[in-house]
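Opening the notebook on this one.

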Amino acid sequence: MPYDPARHHRRSIRLKGYDYTQPGAYFVTLYTHDRAHLFGFRLIRPECPKETV
């Protein structure tokens, strides 16, 4: 399928005017197909005691 800019477009989710080259903390979410455990284990957070490993 050839590239069609009217059909194949993505909007940026970045904040306008924010300098992403500066050091800082970022939150990253990774999803896998069928929630497969591909990245090791998940820690149980104290604020979410019902969460399981």
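Started with Arg35. This is a predicted model, and in it Arg35 counts as exposed, because its relative accessible area is 74%, over the 50% cut-off. I then looked up its backbone: Arg35 is not a glycine, yet its phi is positive, at about 55 degrees.

Checked Asp34 as well. Its phi is near 55 degrees, again a positive value in a residue other than glycine. Asp34 has 66% relative accessibility, so I put it down as exposed too. I flagged these angles because most residues other than glycine have a negative phi.

Next, the whole chain. How many helices and strands does the protein have? I found zero helices and zero strands. Of the 53 residues in the protein, buried ones make up 0%. The protein exposes about 6,300 Å², and I noted that carbon and sulfur atoms supply 59% of that.

Then the rings. My count came to one aromatic pair. It joins Tyr18 and Tyr20, with ring centres 4.7 Å apart. Stacked or edge-to-face? The planes sit at 70 degrees, so I logged the pair as edge-to-face, the cut-off for that being over 60.

I looked up cover for both rings. Tyr18 is partly exposed at 43% relative accessible area, and Tyr20 is partly exposed at 29%.

Last entry: what lies over the face of Tyr20? I found Arg14 there, at 4.6 Å from the ring centre. So my notes on Tyr20 hold both Arg14 over its face and the edge-to-face pairing with Tyr18.

How values were computed:
Residues numbered from 1 in each chain as written. Predicted model: local features only at pLDDT ≥ 70, side-chain atom pairs only at ≥ 80, totals over all residues. Heavy atoms only, no water. Buried < 20%, exposed > 50% of the residue type's maximum accessible area, 1.4 Å probe, protein only. Helix = DSSP H or I, 4+ residues; strand = E, 2+ residues; numbered from the N terminus. Areas by Shrake-Rupley, 256 points an atom, 1.4 Å probe, with all protein chains shown as cover. Phe/Tyr/Trp six-rings, centres within 6.5 Å; stacked < 30°, edge-to-face > 60°. Lys NZ or Arg CZ within 6 Å of the ring centre and 35° of its normal.
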